Amino acid sequence: VSEDVFDRTRRHDRLEFVSLARQHDVLPYFRRLESIVGPTAEIEGSERVMLGGNNYLGLTTDRRVLGAARDALDRYGTGVTGSRTLHGTLRIHDELEQELAEWLGAEEVLVFSTGYGANLGCIATLMRPGDNVICDAADHASIFDAVAMSQARMRPFRHNDIKRLDLALEMAQREEGGMLVVVDGVFSMEGDVADLAGITQVCRDRGARLLVDEAHGIGVLGPRGAGAGDAYGVEGQIDLRMGTFSKSLASCGGFIAGPAAVIDFLRLQSRPFMFTASGVPASLGAALGALRVIRSAEGLQLLGRLRDNAMYLRAGLSDQGWNVSEPSALPDGTALITPIIPVLVGKDWEAVRLWKALFDLGVYVNVALYPAVPRGQALLRTSVTAAHTREHLGRALAEFAAVRSTVETLSLKAPT
Ligand SMILES: Cc1ncc(COP(=O)(O)O)c(C=O)c1O
């Protein structure tokens, strides 16, 4: 008799943890937001300082961005009810693609309905069985899923270890297929930055193409705020750049930027691009509005404020004795400040207990448990925005201090 596939839903590897966490009301997932999310948000009946989002420049509540979303909604309606390929490409897609290409200095850009879809649609279309995709072990899940879909061989290398990358490329070179290196510019959970000086060099030496996922780099790093490639000054050496609208661009959607021939190939061949509905007009309008703010003089001020806030929170947490890792640095020693400040905890149960204590005191942070991070490396992921004031961050730090002083009385162990 064949197995009932529903049986596995009743005994999967996360079931015990999740049911215990539910029972003790410490489950950090699916908590209800009840207001617009800015530097603070109403969550399950109380206002809490929001240190758990990716709204890095605070643009989700910016009147110009709201206005651009409303204009698109009024002009094009609530949805396009179909794929971009057939009847879902709007004039704002063209404007968005052109302005992104101009800003990024890329020949062309293709907009997808999500960032996840952009990685899937690019990697799974470009790569084939017999090819090698060499990925940083801490890359985003969408990259690993894309490689699985492409059926190319996956060669992960130890996080940000250039020697291991070179070794993986040396092995891949012995085979006949093509080689693509894929790294996150800014790592989404760790907040550190890919060593793009080393990576671009190794890719050049070994003749591999390079794709950088700038989801958390755009609006965050570099003199123009265009990402990790901008910070390192190596944009011209990156073959393809991926970005999402769901972080600094205050919306939802994603894109791939690169040479015209590759973008056209994706436009015509990419199944995750073709066989899904176009993004809704309001999302596209918001992303275009946000892009225009980032490219204005005010954008650079927001970037400055974001970095100041990140340094302030990082220093405060570190002074209290939390395990906060050092920021990455450019080869000349300049620190690469990102808004993601992870507090390393270790065990899943400790992380959720600390998370709940902060939540009860009015501070919302994200928790990264396995499989978002390797087993035993649970962390509290805090992230700041340009819209946080010192008062918000001071409040959050005071609550972190309060939790720290009561760690002994909090039961951090998993109940038996
Ligand atoms: C590094 C990275 N790449 C890709 C994605 C996927 O983007 P989206 O959530 O916009 O689909 C995310 C966000 O979850 C991400 O953090």
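## Arg 155 and its surroundings

Contact here means heavy atoms within 4.5 Å. The model is predicted. By that contact cut-off, and not counting residues up to four places away in sequence, Arg 155 touches Asn 132, Val 133, Ile 134, Cys 135, Ala 168, Met 171, Ala 172 and Glu 175.

Arg 155 sits in strand 5, which covers residues 153-157. Its relative accessibility is 10%, so Arg 155 counts as buried. Two polar contacts involve its side chain. One reaches the side chain of Asn 132 at 2.7 Å. Another goes to the side chain of Glu 175 at 2.8 Å.

## The ligand shell

A polar backbone atom of Tyr 116 is 2.8 Å from a ligand oxygen. For Lys 247, a polar side-chain atom lies 3.2 Å from an oxygen of the ligand. In the side chain of His 140, an N or O atom is 3.3 Å from a ligand oxygen. The ligand taken alone exposes 380 Å², and the protein buries 85% of that.

## Asn 119 in helix 5

Helix 5 also carries Asn 119. With a relative accessibility of 0%, Asn 119 counts as buried because the cut-off for burial is under 20%. Its side chain makes a polar contact of 3.0 Å with the side chain of Ser 142.

Asn 119 has contacts elsewhere along the chain. Leaving aside neighbours within four places in sequence, they are Ala 124, Ser 142, Ile 143, Ala 146, Leu 211, Asp 213 and Met 242.

How many residues of strand 9 are buried? Five of the five residues, 254-258, are buried, so strand 9 is largely enclosed by the rest of the structure. In a regular strand the side chains alternate between the two faces of the sheet. In strand 9, Gly 254, Ile 256 and Gly 258 lie on one side, and Phe 255 and Ala 257 on the other. Both faces are covered.

Strand 9 pairs with strand 3 (residues 108-112) through five bridges, in an antiparallel arrangement. Here Glu 108 has Gly 258 as its bridge partner. Strand 9 also pairs with strand 8, again antiparallel, over four bridges. In strand 9, Phe 255 stands opposite Gly 243.

## The hairpin of strands 1 and 2

Strand 1 (residues 40-43) and strand 2 (residues 46-51) run antiparallel and are joined by four bridges. Ala 41 has Arg 48 of strand 2 as its bridge partner. Two residues lie between the strands of this hairpin, where Glu 44 takes a positive phi near 45°.

## Ala 286 in helix 12

Ala 286 belongs to helix 12, residues 281-295. At 8% relative accessibility, Ala 286 counts as buried. Not counting residues up to four places away in sequence, Ala 286 touches Val 65, Ala 68, Ala 69, Leu 249, Ala 250 and Ser 251. Trp 103 is 183 residues from Ala 286 in sequence, and their C-alpha atoms are 17 Å apart in space.

## Backbone features in loops

Two loop residues other than glycine have positive phi values. Phe 30 has phi near 55°. Phe 30 lies in the loop between helix 1 (15-23) and strand 1. Its relative accessibility is 71%, so Phe 30 counts as exposed. Asn 160 has a phi of about 55°. The loop that holds Asn 160 runs between strand 5 and helix 7 (162-173). With a relative accessible area of 23%, Asn 160 is partly exposed.

A cis peptide bond joins Tyr 370 and Pro 371, with omega about 10°. Pro 371 lies in the loop between strand 13 (363-368) and strand 14 (378-383).

Key
Residues are numbered from 1 along each chain as its sequence is written. This is a predicted model: local features need pLDDT of at least 70, side-chain atom pairs count only at pLDDT 80 or more; totals for chains, interfaces and linings use all residues. Side-chain values use heavy atoms; hydrogens and water are left out. A polar contact is a pair of N or O atoms within 3.5 Å; within protein, one must be able to donate a hydrogen and the other to accept it, and residues adjacent in sequence count only if both atoms are side-chain atoms. Accessible areas come from the Shrake-Rupley method with a 1.4 Å probe; for residues, only the protein chains shown count as cover. Two strands pair if DSSP finds at least two bridges between them. Buried means under 20% relative accessible area, exposed over 50%, partly exposed in between (1.4 Å probe, protein chains only).
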